[in-house]
Amino acid sequence: MSRMKIGVIVDNLYNYQWGILEGVFSAGENYNLDILCFAGKHLNTPNEKERMGNIIYKIINKNNVDGLVILTSVLSGYVSKYILEEFCYRYSQIIPTISIGTEIKSIPSIIIDNVLGFEELLVHLIEDHGYRKFGFITGPLNNDDAKIRYETFINTLNRYKIPINYNYIFYGEFSYNSGREAIKQFSKHKIDLDVIVCSDDDIAIGAIEELKERGYHLPEDIKITGFDDIEGAKFITPPLTTVSQPLYEMGWKSIEYLLKLLSGEKVPEKICFPTKFVIRDSCGCTYSAIEKAKVDIDKEFTKLDYIN
C-alpha cells in the first residue's frame with residue numbers, strides 16, 4: 001500500500017517556518033506519510049525574481065498530494081485577507097486543507113493567542129522595569145498576527161497612560177532587514193528610548209545587529225524584545241526576551257487534523273494555542289545558563305510527549 005502524500009505550502013525553510021515544519025516532519029514520520037514541501041515566496045511579492053518562485057504553487061493538485069497544509073501567516077505580507085482566502089480556496093475545493101497561522105473561513109485553522117503572552121511581556125516592561133519610552137517595529141499590518149500585536153501594543157500603553165511617540169514606530173515586515181531599517185529610521189532622531197518592542201524575533205535580531213554596529217551596548221543602553229522564540233533568540237547576545245508560540249505542536253496538530261479530514265471525520269474550525277512570555281537578558285533581566293537549560297529541556301520533553 002502506497003504512503004499518503006501531504007503537501008506543505010511555505011515561503012522558506014528557516015526560523016519560524018522551520019519550527020512548524022519540525023512538527024510536521026515528526027508527525028509525518030510517526031504516521032508513515034510522505035511530506036512534500038512547496039517552498040515559494042510571499043503572494044504578490046513586489047520582487048519580480050521572487051514572484052517567479054511562486055510558480056511552484058501551480059503544480060499542486062489532487063494527483064500529487066492527498067492533503068495540504070498552508071502556512072498562511074507567512075504568505076500574506078503583500079495581499080489582503082480576501083486574496084489569501086481565495087488562494088486557499090483554490091486548493092481546499094479539491095484537496096483536504098489545513099491553515100496554520102491565519103483563520104480562514106470554512107478551512108480548519110490552527111492559530112495562536114497573540115494577546116496573552118504579548119500583553120504579559122508589555123506589562124513586565126512597564127510594571128517590573130518601569131519603562132516609559134517605547135519604540136515599536138510592526139510586521140505587515142495586513143497580516144492578522146502583526147495587526148493584533150500592534151493593536152495590543154497601542155492598547156496596553158494607552159491603558160497605562162504612557163505617551164506613544166510615533167517617530168519611534170516603524171511599519172515593517174516580518175524580516176531581519178526590517179529590524180535594521182527601523183534602527184536607521186529611528187537614528188534620524190536621537191534614539192531616546194528605554195526599549196524597542198519588535199513584532200517578531202527576526203526583526204529584533206536585525207535591530208540588535210544594527211544597534212551594535214552603531215555603537216550601542218545592549219541591554220545597557222537600550223532594551224529590545226521579540227516574538228516567536230525561534231532558535232536564534234537564545235543564542236544572540238544578549239539572549240532575546242520574547243513570546244514563545246508552540247511551533248512544533250502546531251505543525252504536529254496540523255497533520256493529525258488532516259488525517260482526520262482524510263478519514264471523513266469532522267474537526268474543529270479553529271484551534272487556538274496559547275503563547276508564553278519568555279524572559280531573557282535583552283529586556284534588562286538576568287537570564288542564567290541554568291534557566292536556559294531548563295527551557296530547552298522543557299521543550300524537548302514536550303516534543304517527546306507528542307512523539308510518544
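Predicted model: local features only at pLDDT ≥ 70, side-chain atom pairs only at ≥ 80, totals over all residues.
User: What makes the radius of gyration of the protein agree with that of a compact globule?

Analyst: For 308 residues, a compact globule would have a radius of gyration near 19 Å, and the protein has 20 Å, so the two agree. The C-alpha trace spans about 65 × 45 × 35 Å along its principal axes. Within it there are 10 helices and 12 strands.

User: What share of the contacts joins residues at least 24 apart?

Analyst: Taking contacts between residues at least 6 apart in sequence, 74% join residues at least 24 apart.

User: How far apart are the mean positions of the positive and negative charges?

Analyst: They are 3 Å apart, with 34 positive and 43 negative charges in the protein.

User: Why is Asp145 called buried?

Analyst: Its relative accessibility is 7%, and the label applies under 20%. Asp145 therefore counts as buried. The residue sits in helix H5, residues 144-159. Leaving aside residues up to four places away in sequence, Asp145 touches Ser73, Gly101, Ile112 and Asn114.

User: What makes the span of helix H9 close to the expected one?

Analyst: H9 runs over residues 247-262, which is 16 residues. From its first C-alpha to its last it reaches 23 Å, and 22 Å is expected at 1.5 Å a residue.

User: How do you know that H9 is mostly covered, and which of its residues are buried?

Analyst: Of its 16 residues, 12 are buried. Among them are Leu247, Tyr248, Met250, Trp252, Ile255, Leu258 and Leu259. The buried set also includes Glu249 and Lys253. Just after H9, Gly264 has a positive phi of about 90°.

User: Which peptide bonds are called cis, and what are their omega values?

Analyst: The bond joining Leu218 and Pro219 is cis, with omega about 10°. Another cis bond runs from Thr237 to Pro238, where omega is near -5°. Most peptide bonds are trans.

User: Where do the two prolines lie?

Analyst: Pro219 is in the loop between helix H7 (201-213) and strand S9 (223-225). Pro238 is in the loop between helix H8 (232-235) and strand S10 (242-244).

User: What is the phi of Asn15, and why is Asn15 called partly exposed?

Analyst: Phi is near 55°, a positive value in a residue other than glycine. Most residues other than glycine have a negative phi.

User: Why is Asp229 called buried, and what is its phi?

Analyst: Asp229 has a relative accessible area of 5%, and buried means under 20%, so Asp229 is buried. Phi of Asp229 is near 65°, again positive in a residue other than glycine. Asp229 lies in the loop between S9 and H8.

Terms used: Residues numbered from 1 in each chain as written. Heavy atoms only, no water. Helix = DSSP H or I, 4+ residues; strand = E, 2+ residues; numbered from the N terminus. Rg over C-alpha atoms; globule rule 2.2 N^0.38 Å. Contact = heavy atoms within 4.5 Å. Lys, Arg positive; Asp, Glu negative; His and termini not counted. Charge placed at Lys NZ, Arg CZ, Asp CG, Glu CD. Buried < 20%, exposed > 50% of the residue type's maximum accessible area, 1.4 Å probe, protein only. Expected span 1.5 Å × (residues − 1).
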